[in-house]
Amino acid sequence: VPGGWVLAGATSTGTPAATGYALDRVGGRYIALDRYEEVWAAPNGHVAAVVDYERRDEIGLLDLRTEQVRWVATGSHVMTPQWSPDGDRLALTRMDKVSGDITLGVLTSQGTFRTYPVDRQKYFCTDRCFFTWTRDGRHVVLQQSDPDVAVSESRPAARRGIQLFSPDDGRPGAFIPVPGDPAGPWSWSPDGRLVVIRGQDGPRIAEVATGRIVGPAMGDDDVWVNEGRLLHRDLGANAILLIDLEGRELARQSLPQALDHLTLTVGPV
């Protein structure tokens, strides 16, 4: 794709399942998988996470070199599994249906799984609550709702910021006052100064240190390639665009028809 990055994988997210794809970097090929409802390729590394809806409390770790799957009992999860930037750990958001309590699950590519409960009273989150990673992979983050703003059915929940947690032991770290949700580790600029967020009024670019909105973004899942360039998916045209911070198109790569409306994963070469 433009910007010197690659398409690491593609997946459907429901039924009926479409064929998913994962890039075997060692073999230099894409593996097509039609046995699973979800195929979450890591942005790096040699493992993909697969989800079989008949095994709802498990996640399979697919070794792309051997095409063997190792099933790990993780319990049910909500939202999208989130790979760390190096492809070594998968963050899972687990939620108790009765209490609404949130638990962070961390599954390594070797199959080790640990869970860390989060104090929902202290770290308050409503609406779309999910763990994702910082760009350096040292922390996971959870959105923090603003309790003083009324919930609206027509707009995303108001955020007062995001809370960092350690994926090693679940301990809380710093609070970052950005008013929206980063979609993943590539939402953060390489220097850590800016971040693309899903805000109440649409996609925005925010200053990490202050939460100040510095401008609009074309999409809330745009990927930061370098300090002045982002990748944006044009769903209507089934293409990936390289854009600058003002949204000007610099390059375009059309995608195969088989990937139309699948969820994509990209990563550095």
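This is a predicted model: local features need pLDDT of at least 70, side-chain atom pairs count only at pLDDT 80 or more; totals for chains, interfaces and linings use all residues.
**Stop 1: the largest pocket.** Start by selecting Q82, A183, D221, T263 and L264, the lining residues that lie nearest the centre of the largest pocket. The space around you there comes to about 990 Å³, and 34 residues line it. Now colour the strands β4 (38–41), β8 (78–83), β20 (229–234) and β23 (263–268): these are the elements that give two or more residues to the lining. If you colour the lining by class, you'll get 18 nonpolar, nine polar and seven charged residues.

**Stop 2: the second largest pocket.** Next, select T134, R135, D136, R138, H139, L164, I176, W188, S189, G192 and V208, which line the second largest pocket. Its volume is about 170 Å³. Colour by class again and the lining splits into four nonpolar, four polar and three charged residues.

**Stop 3: D181.** Now jump to the loop between β15 (172–176) and β16 (194–199), and pick out D181. Is D181 buried or exposed? It's buried, because its relative accessible area is 4%, against a cut-off of under 20%. Show side chains and look for R159: a polar contact of 2.8 Å joins its side chain to that of D181.

Definitions and conventions
Residues are numbered from 1 along each chain as its sequence is written. Side-chain values use heavy atoms; hydrogens and water are left out. Helices (H or I, at least four residues) and strands (E, at least two) are DSSP runs, numbered from the N terminus. Buried means under 20% relative accessible area, exposed over 50%, partly exposed in between (1.4 Å probe, protein chains only). A polar contact is a pair of N or O atoms within 3.5 Å; within protein, one must be able to donate a hydrogen and the other to accept it, and residues adjacent in sequence count only if both atoms are side-chain atoms. On a 1 Å grid over the protein atoms alone, a cavity is a set of points where a 1.4 Å probe fits but cannot get out, and a pocket is an open set with protein on both sides within 12 Å along at least five of seven lines; lining residues have an atom within 4 Å of a point. Grid points are joined across faces, edges and corners, and a volume is the space filled by probe spheres set on the points. Ala, Val, Leu, Ile, Met, Phe, Trp, Tyr, Cys and Pro count as nonpolar, Asp, Glu, Lys and Arg as charged, and the others, Gly among them, as polar.
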